[in-house]
Amino acid sequence: MNLIVSAIGQGLLWALLGLGLYLTFRILNFADMTVEGTFPLGAAVAVANISHGMSPYLATLLAFVAGMIAGLVTGLLYTKGKIPILLAGILTMTAIYSINLRIMGGSNISLIGKKTLLNNEFLENLPQYFNSVFLGIGIVVVITGILIFFLNTDFGQAFIATGDNPKMAKSLGIHTDFMVIIGLMLSNGIVALCGALIAQNNGYADINMGIGTIVIALASIIIGEVAFGELTLNQRLVAVTLGSIIYRLILLAVLQLGFSANDLNLISSIVLALCMMLPQLEKVTHLKKPIKRGVNKHD
Amino acid sequence: MTKSTLELKDVKTTVKTADGEIIPILKGINLKIKSGDFITIIGTNGAGKSTLFNTIAGSLKPDSGQILHDGQDITKMSEEKRTQFIGRVFQDPKMGTAPRMTVAENLLLATNRGKKRFLKIRKLKENIPHFKEMARVMNNGLENRLNSFVEGLSGGQRQALSFLMATIERPDILLLDEHTAALDPHTSENLLAVTDKQIKENKLTALMITHHMEDALKYGNRLLVLKDGRVKVDINEPEKKKLKVSDLYAYFDD
């Protein structure tokens with residue numbers, strides 16, 4: 001039971017990663033590698049500041065801002081520097097590695113004895129593992145709500161149109177470069193926020209904690225789509241969180257089978273690869289009915 | 001004399017090919033477009049028809065020359081800014097619409113053409129009756145598909161939507177770049193008829209590129225023949241009426 005509650009809590013906290021990446025991967029239609037750097041960046045900024053005595057709220061907010069700046073850098077490299085988006089993301093990600101080492105002053109910092117977002121009266125009085133569940137629900141509801149609002153404004157619609165058909169967007173007077181930059185900033189801000197929360201939940205930040213984040217984020221998005229099929233955009237955002245929880249439960253099941261935590265990245269990649277290959281497997285095996293549509297619909 | 005809506009003065013535009021070669025396309029275009037003109041444009045491939053549109057719309061900047069809109073110099077104005085007064089329909093039905101958004105969402109985007117877009121909740125539901133009325137004009141059932149995703153529409157409906165999007169907020173200048181070329185003859189005819197009707201009823205100023213000599217003669221009050229980056233022939237209403245398709249072919253030959 002405890003393991004399942006813990007997995008749900010993890011799923012909720014990690015859901016932010018999927019929500020952040022959704023803006024670039026599904027709406028702007030490209031894979032942004034920056035997130036592999038911004039996730040540990042958020043963790044590093046939050047933990048370093050908290051360990052120097054800053055309020056965890058302010059430190060978490062700073063992590064969000066740091067992520068936005070990283071997104072801005074990738075956005076400028078891509079739109080103004082005309083560097084292909086994949087490479088622009090990799091460049092920023094690589095640069096952030098050094099910056100993270102500077103921020104942390106080493107390859108990891110611990111939060112032992114420091115107050116974090118989880119150390120408030122309400123969360124501390126909950127049974128074990130329920131604190132991350134409640135923190136996760138709170139933050140996921142707020143971020144999902146903000147995204148739904150954003151995407152349903154005139155500005156947000158122009159943002160969606162930019163990803164859907166940039167040439168048309170331009171012909172309607174939408175500044176597509178600006179939209180891409182805003183999308184990357186918002187996306188990376190949310191990913192850094194996720195890093196800050198995970199680090200506080202784990203009690204430390206580590207230079208290598210970003211490895212595999214893009215796969216985890218994609219897994220949440222795609223598991224959500226496979227599991228729930230045809231949805232409206234608002235529902236899709238909610239499905240990301242559910243996908244993230246399902247993903248954690250899959251990992252839990254795999255660990256119960258006797259795999260070690262060292263195998264997690266291998267397992268994550270296999271899970272994601274399987275989900276992405278579903279449409280192909282469907283064709284080969286003619287298993288149309290048991291597998292719902294949704295994975296490749298837009299590709 | 002009526003005031004000219006758009007004026008091009010000795011506009012020269014070069015285009016860079018994939019391997020970096022710079023090729024002159026427009027070699028000195030002089031053109032005065034009066035308000036209410038419906039100009040059909042013909043010319044061989046490479047004559048500069050599309051480059052002319054790209055230069056007017058601002059997606060290409062001329063190397064020299066001047067473009068005036070209502071007497072104001074817009075030569076250096078950005079493409080995005082020019083959308084305040086230019087509406088455009090592309091040849092490829094996929095080009096002018098957002099496939100993963102609904103018909104109504106596309107139309108809503110178009111009502112904000114050239115305007116600042118704010119963090120204000122979109123007014124989709126409130127606009128549906130208006131959109132329905134507008135879509136009915138297209139005469140192809142588009143009004144019943146307002147909540148469908150555009151990717152599910154037929155090419156004809158998609159192109160009708162593109163046309164509607166370019167005109168839903170009245171543009172000073174409407175650019176039609178062979179907008180019916182990708183459609184079957186029947187659908188193409190229907191869209192051209194609606195295009196003609198809309199332009200006349202709303203007194204729009206329009207430029208239409210076409211490869212069909214018959215259409216070039218049938219529609220519009222003025223005809224341009226582009227050849228080798230220059231306006232070779234510029235014919236007005238009375239003369240245009242007398243022209244035959246064979247006359248047009250003669251223009252290409254010499």
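In which order do the 4 strands of the open sheet in chain B stand?

**View 1. The open antiparallel sheet of chain B.** In this predicted model, the 4 strands follow the order E2-E1-E4-E5 in chain B, and their pairing is antiparallel. E2 and strand E5 (72-73) of chain B stand at the edges with a single partner strand each, so one side of each is left without a neighbour in the sheet. Strand E1 (residues 4-16) of chain B is joined by 5 bridges to strand E4 (residues 64-69) of chain B, the two running antiparallel, and across this pairing Glu7(B) stands opposite Leu68(B) in E4(B).

**View 2. The hairpin of E1(B) and E2(B).** Strand E1 (residues 4-16) and strand E2 (residues 22-34) of chain B run antiparallel and are joined by 10 bridges, with Val11(B) standing opposite Ile29(B) in E2(B). The hairpin has 5 residues between the strands, and Gly20(B) takes a positive phi near 85° there.

**View 3. The annotated domain of chain B and the confidence of its prediction.** An unreviewed UniProt entry places the feature "domain: ABC transporter" at residues 6-253 of chain B; this span is 35% helix and 26% strand, and its end C-alpha atoms lie 30 Å apart. The average pLDDT of chain B is 92, with 98% of the residues scoring at least 70. Within chain B, confidence is highest in strand E8 (residues 206-209), at 97, and lowest in helix H9 (residues 245-253), at a mean of 80.

**View 4. Where chain B meets chain A.** Across this interface, 25 residues of chain B are in contact with 19 residues of chain A. On the side of chain B that touches chain A, the elements that give two or more residues are helix H2 (79-82) and helix H3 (103-111) of chain B, and H3(B) gives the most, with 4 residues. The residues on this side of chain B divide into 10 nonpolar, 6 polar and 9 charged. For the complex, the predictor gives an ipTM of 0.90 and a pTM of 0.91.

**View 5. Ile160(A) and its surroundings.** Ile160(A) has its place in helix H7 (residues 154-164) of chain A. This residue counts as buried because it has 24 C-beta neighbours inside 10 Å, where 20 or more are required. Apart from neighbours within four places in sequence, Ile160(A) is in contact with Ile27(A) and Leu151(A), and also with Met101(B) of the other chain. Met179(A) is 19 residues away from Ile160(A) along the chain, and the C-alpha atoms of the two are separated by 9.0 Å.

**View 6. The largest nonpolar core.** This core holds 155 residues, of which Leu16(A), Ala43(A), Val47(A) and Cys194(A) touch the most other members. Helix H9 (residues 176-202) of chain A gives the most to this core, with 16 residues. Once neighbours within four places in sequence are left aside, the contacts of Val47(A) are Ile109(A), Leu111(A), Ala199(A), Tyr204(A) and Ala205(A).

View 7. An unreviewed UniProt entry places the feature "transmembrane region" at several spans of chain A, including residues 12-31 and 210-228. Over residues 12-31 of chain A, the chain is 85% helix and 0% strand, with end C-alpha atoms 22 Å apart. Residues 210-228 of chain A are 84% helix and 0% strand, and their end C-alpha atoms lie 28 Å apart.

Terms used:
Residues numbered from 1 in each chain as written. Chains lettered and ligands numbered in written order. Predicted model: local features only at pLDDT ≥ 70, side-chain atom pairs only at ≥ 80, totals over all residues. UniProt positions renumbered as here; feature names shortened; annotations may be inferred. Contact = placed C-beta atoms within 7 Å. Nonpolar A, V, L, I, M, F, W, Y, C, P; charged D, E, K, R; others polar. Pairing = 2+ DSSP bridges. pLDDT = per-residue confidence, 0-100. Core = buried A, V, L, I, M, F, W, Y, C linked by C-beta atoms within 7 Å. Buried ≥ 20, exposed ≤ 12 C-beta atoms within 10 Å, placed from the backbone.
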